[in-house]
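Here are my notes for you, as numbered points. Please keep the model open while you read.

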Amino acid sequence: MSYALGKRCGTSAYAGTTVPKNLHFVVKDEHGNSRWRKVQVKLEDHINVPVFPSGLEFYDDYMQEYIAKIATERLPEDQPLWNTHIIKYPTKNAAGSLVFKLHHSLGDGFSLMTALFNCVQRADNPSLPLTFPSIGSTQAQNWGVYRALSDVFSMCINTIKDFSWSLALSSIKDSVTPIRSGDVGIEDRPITLSTVTFSLSDIKQIKGKLKGTVNDVITGIIFYGMQLYLQAAGQETKPAKVTALVLLNTRAIRTYQPLKEMARRDSKVPWGNHFAFLHVSIPTNKDPENADPLHSIRRAKKIIKAKRNSLGVYLTAGILEIMRKFRGSEAVSRHIYKTLTNTSLTISNLIGPLEKLQIANHPCKSFYFMVVRAPQSLTITVVSYMGTIKVAIGAERDFINSELLVSCMEKSFERIFDAAVGNRT
């Protein structure tokens, strides 16, 4: 089976890890004041099993239409903000599909993925825990005084630049381009979901040749793919402002932990929404077809290195927390909504297990996540699983040509691989 994890935009603070008989959630009274309300959970209200016409070999089109429909629907506000969709029809990629739709107020992607991975088992040996790729760590080095002072100075400069840049760009709109319509109410329009899968082994070959990281390579592929799409979709050659909003986890520890650990008040990996965002300008090119494809990797490597040597994301997170304490969650929600509206796309990534997982004894062939009902024409998410990297694309239907965008992403990878490694054997 394949699985999709969808998240609707929202920022109010709510946490939950199980499905008890009663839950509390926030409602507004007649005076507009927020308060907690206890409701009884009825599982039949949260489990959906769609019925499609019979007699077809594959149901990819029906699957796409169904996901587009539930992606734009609002979750009922008189019950807990989640539901599950069990799709018992085969597609070209899987025998069936399972879709979880959860409001972002339940937690960020890290929290929700942690809950998912605590509910599943390894398909090869359920008694063993899932394992995950190392996200890397910064190891202590024996630097001289000059090098240490230089690094601290560089961090201060990068922090000031990132923080001030994010504050300024939160109120400045991107250009209207083939990936940003700039229309009001985009979140209510249907979307098309597409995916592109890359071999982690191939990505690591490129990484080794360019002495970068997996993130450098994936970001470079996305950057170059966007350049190819903008040209193919008819973008004018004049300079355009194209900004990606990159969502980052701000927890002290960024590895998945048991749910009990996340529920502790003093936990270093607390449950909830603990993320911030950074603005990253996507490089543009007047003639990407004839440009050096490796330039995008080098550019991505330079940007990511500067972001790592910066505390800008933590200052941004601090501002959001101060805003939440003094002005409330709705003020934070309005600020994030405005920031999303002014940028071209959002990029978010998470790591998945190295082994195949199973849910209720059903092996999972593939999975991905997507943020829906965001006021943007384009959202890109990245997740690793079983030696592959899956890039999911949520695009505004009838505005972005999803097939062309997927083709450009695949072309981007092929050209970068050929330029860095050579033809694959």
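1. Start with one term: two strands pair if DSSP finds at least two bridges between them. Helices (H or I, at least four residues) and strands (E, at least two) are themselves DSSP runs, numbered from the N terminus. Here, Ile359 stands opposite His362 in E13. Strand E12 (residues 357-359) is joined to E13 by two bridges, and the two run antiparallel.

2. A word on the source. This is a predicted model: local features need pLDDT of at least 70, side-chain atom pairs count only at pLDDT 80 or more, and totals for chains, interfaces and linings use all residues. Residues are numbered from 1 along each chain as its sequence is written, and side-chain values use heavy atoms, with hydrogens and water left out.

3. Now look at the whole sheet. It is open, with three strands in the order E7-E12-E13 and antiparallel pairing. Which strands stand at the edges? They are E7 (121-122) and E13 (362-363). Each has a single partner strand, so one side of each is left without a neighbour in the sheet.

4. Strand E4 (residues 47-48) runs parallel to E5, and two bridges join them. Asn48 has His85 as its bridge partner in E5. Five of the six residues of E5 (residues 82-87) are buried, so this strand is largely enclosed by the rest of the structure. Buried means under 20% relative accessible area, exposed over 50%, and partly exposed in between (1.4 Å probe, protein chains only).

5. Helix H2 (residues 109-117) is mostly covered: nine of its nine residues are buried. Among them are Phe110, Met113 and Phe117.

6. Turn to helices H4 (residues 200-210) and H10 (residues 402-420). Their axes come within 9 Å and cross at roughly 45 degrees. Axes are lines fitted to C-alpha atoms, for helices over the stretch in contact, and angles run from 0 to 180 degrees between N-to-C directions. H4 and H10 are therefore oblique to each other. Angles under 35 degrees count as roughly parallel, over 145 as roughly antiparallel, 65 to 115 as roughly perpendicular, and the rest as oblique.

7. Which residues of H4 and H10 make the contact (heavy atoms within 4.5 Å)? H4 gives Asp202, Ile203, Gln205, Ile206 and Lys209. H10 gives Phe413, Ile416, Phe417 and Ala420.

8. Ser412 is also found in H10. Is Ser412 buried or exposed? Ser412 is buried, with a relative accessible area of 0%. Not counting residues up to four places away in sequence, Ser412 touches Gly220, Ile221, Tyr224, Gly225 and Leu228.

Notes
Contact means heavy atoms within 4.5 Å.
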